[in-house]
Amino acid sequence: MDATVPFAGRDYCLYLLLLVFARGMDFLSTWIATPNLVLEGNPLAKKLGWKWGLALNVVLCVALAAWPLSAIVVVTASVLVAARNFQSAWLMHSLGEEIYRRWHVERVQETRITVYLLCLAGNTLLTAGVGAALIYFSDLRLVPFAIGMGMVAYAVAVAFYTLLAIWRMRRAAKKLARRQNSRMNGKSLTADNWVRAENRAPDKII
């Protein structure tokens, strides 16, 4: 299952074409949603930017096309990520990156952490469950096994980057609270919404 295919052969070109398409859809959906990468959830992709991110992905596509299992896993995960991006890309594009980010943060602040995590678990675990079923019933056949792994990898990535974003949001809120409290000579009340949400309802996300 982990065998390679000859470079520039028919199978290699097929996997390369699939990788270019899948990664291209991921790039396109991201560009529509956040052309300045303000809303990009992957810190590495955000740091690399479009130019270096594209160069890195070209290298990865050329390399992974020789490994069918890895290629199908990446293709599956990338297509699912692109589909997820396209779902909200029109709204992000319409509102603008900064306005959408503020709107999203406000909605997260107003949601209880238990409800938010329950919905995140439902989103990721159900997807991972389908992927696990594919892996289990694949009898180690390459395509269903690799697609199942790709679905599981996608679910893990969504959970990881979503939780990372929430953690960074909470950390930023606490830093802002400390700065504003110091300006008010130690007073515990502040006009900032994040801090009010933190002080008023500790069981909320922010």
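The model is a predicted one, and its chain holds 7 helices and 0 strands. Of the 206 residues in the chain, 34% are buried.

**Order of the elements**
- Read from the N terminus on, the elements of the chain follow the pattern α-α-α-α-α-α-α.

**Helix pairs**
- Two packed helices are described by the angle between their axes together with the distance between those axes.
- For helix H1 (residues 10-33) and helix H3 (residues 68-95), the axes come within 7 Å and cross at roughly 20°.
- Because angles under 35 degrees count as roughly parallel, H1 is roughly parallel to H3, and the crossing of H1 and H3 is left-handed.
- For helix H5 (residues 113-137) and helix H6 (residues 142-183), the axes come within 6 Å and cross at roughly 165°.
- Because angles over 145 degrees count as roughly antiparallel, H5 is roughly antiparallel to H6, and the crossing of H5 and H6 is left-handed.

**A nonpolar patch on the surface**
- Four residues, Phe7, Leu54, Val58 and Val62, form a nonpolar patch on the surface, and together they have about 400 Å² of accessible area.
- One of these patch residues, Val58, lies in helix H2, which covers residues 43-64.
- Val58 has a relative accessible area of 45%, and is therefore described as partly exposed, since that term covers values between the limit of under 20% for buried and the limit of over 50% for exposed.

Definitions and conventions
Residues numbered from 1 in each chain as written. Predicted model: local features only at pLDDT ≥ 70, side-chain atom pairs only at ≥ 80, totals over all residues. Heavy atoms only, no water. Patch = residues over 30% accessible without salt bridge, like charges linked within 9 Å, V, L, I, M, F, W, Y side chains within 5 Å. Areas by Shrake-Rupley, 256 points an atom, 1.4 Å probe, with all protein chains shown as cover. Salt bridge = Lys/Arg side-chain N within 4 Å of Asp/Glu carboxyl O. Helix = DSSP H or I, 4+ residues; strand = E, 2+ residues; numbered from the N terminus. Buried < 20%, exposed > 50% of the residue type's maximum accessible area, 1.4 Å probe, protein only. Axes fitted to C-alpha atoms, helices over the stretch in contact; angles between N-to-C directions. Parallel < 35°, antiparallel > 145°, perpendicular 65-115°, else oblique. Left-handed = near helix turned anticlockwise from the far one by under 90°.
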